[in-house]
Amino acid sequence: MIFLTEQWLLVSLLCLLVYVYFWREGAKAGANLSIHQMTTLINKGDAVLIDIRDAAEFKAGHIVDAINIPHAKLEKQLAELEKFQGKTLVLVDKLGQHTGHAGRMLRAKGYDVSRLGGGMAEWQGQNLPLVKK
């Protein structure tokens, strides 16, 4: 505790650097979109929804017109996304835990990427419709 009070400047600098690091990593993975922003982009035809959850989770309930490419298979199935090169790819998963990594990888390949903030948990929390197969 004495260190914190005596070295408050160093501690503050460390906190600032940690914040900047996480902010930059998030920016590399694409912007977080609200449900409203995502549906507006998709309805205008400017975006495609990519659901990166496992096939079983996808079949249990997904957003209409979402394309399922599981996170673990995304790099191997990049060819399926080439036809969407000019559109924004909106990534969605269960809670948002995998969209950061997937977004960074897709951005490195030249795709315009965004992420659904809160993932499917947010979608379901808002009682929005799901397609079940």
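Here is a term for the first stop: a residue is buried at under 20% relative accessible area, exposed at over 50%, and partly exposed in between (1.4 Å probe, protein chains only). With that in hand, select asparagine 127, which counts as exposed at 71% relative accessibility. Asparagine 127 sits in the segment after α6 (119-125); helices (H or I, at least four residues) and strands (E, at least two) are DSSP runs, numbered from the N terminus. Asparagine 127 is not a glycine, yet its phi is positive, about 55°.

A quick note on what you're looking at: this is a predicted model, where local features need pLDDT of at least 70 and side-chain atom pairs count only at pLDDT 80 or more, while totals for chains, interfaces and linings use all residues. Residues are numbered from 1 along each chain as its sequence is written, and side-chain values use heavy atoms, with hydrogens and water left out.

Next, click on aspartate 65, in the loop between α4 (55-60) and β3 (67-68). Aspartate 65 also has a positive phi, about 70°, without being a glycine, and is exposed at 66% relative accessible area.

Now go inside. A nonpolar core is a set of buried Ala, Val, Leu, Ile, Met, Phe, Trp, Tyr and Cys residues joined through side-chain atoms within 4.5 Å. Select Ile50, Leu74 and Leu91, which are among the residues with the most contacts inside the largest core, a set of 15. β2 (47-51), β4 (88-92) and α5 (99-108) each supply at least two of its residues, and α5 gives the largest share, three.
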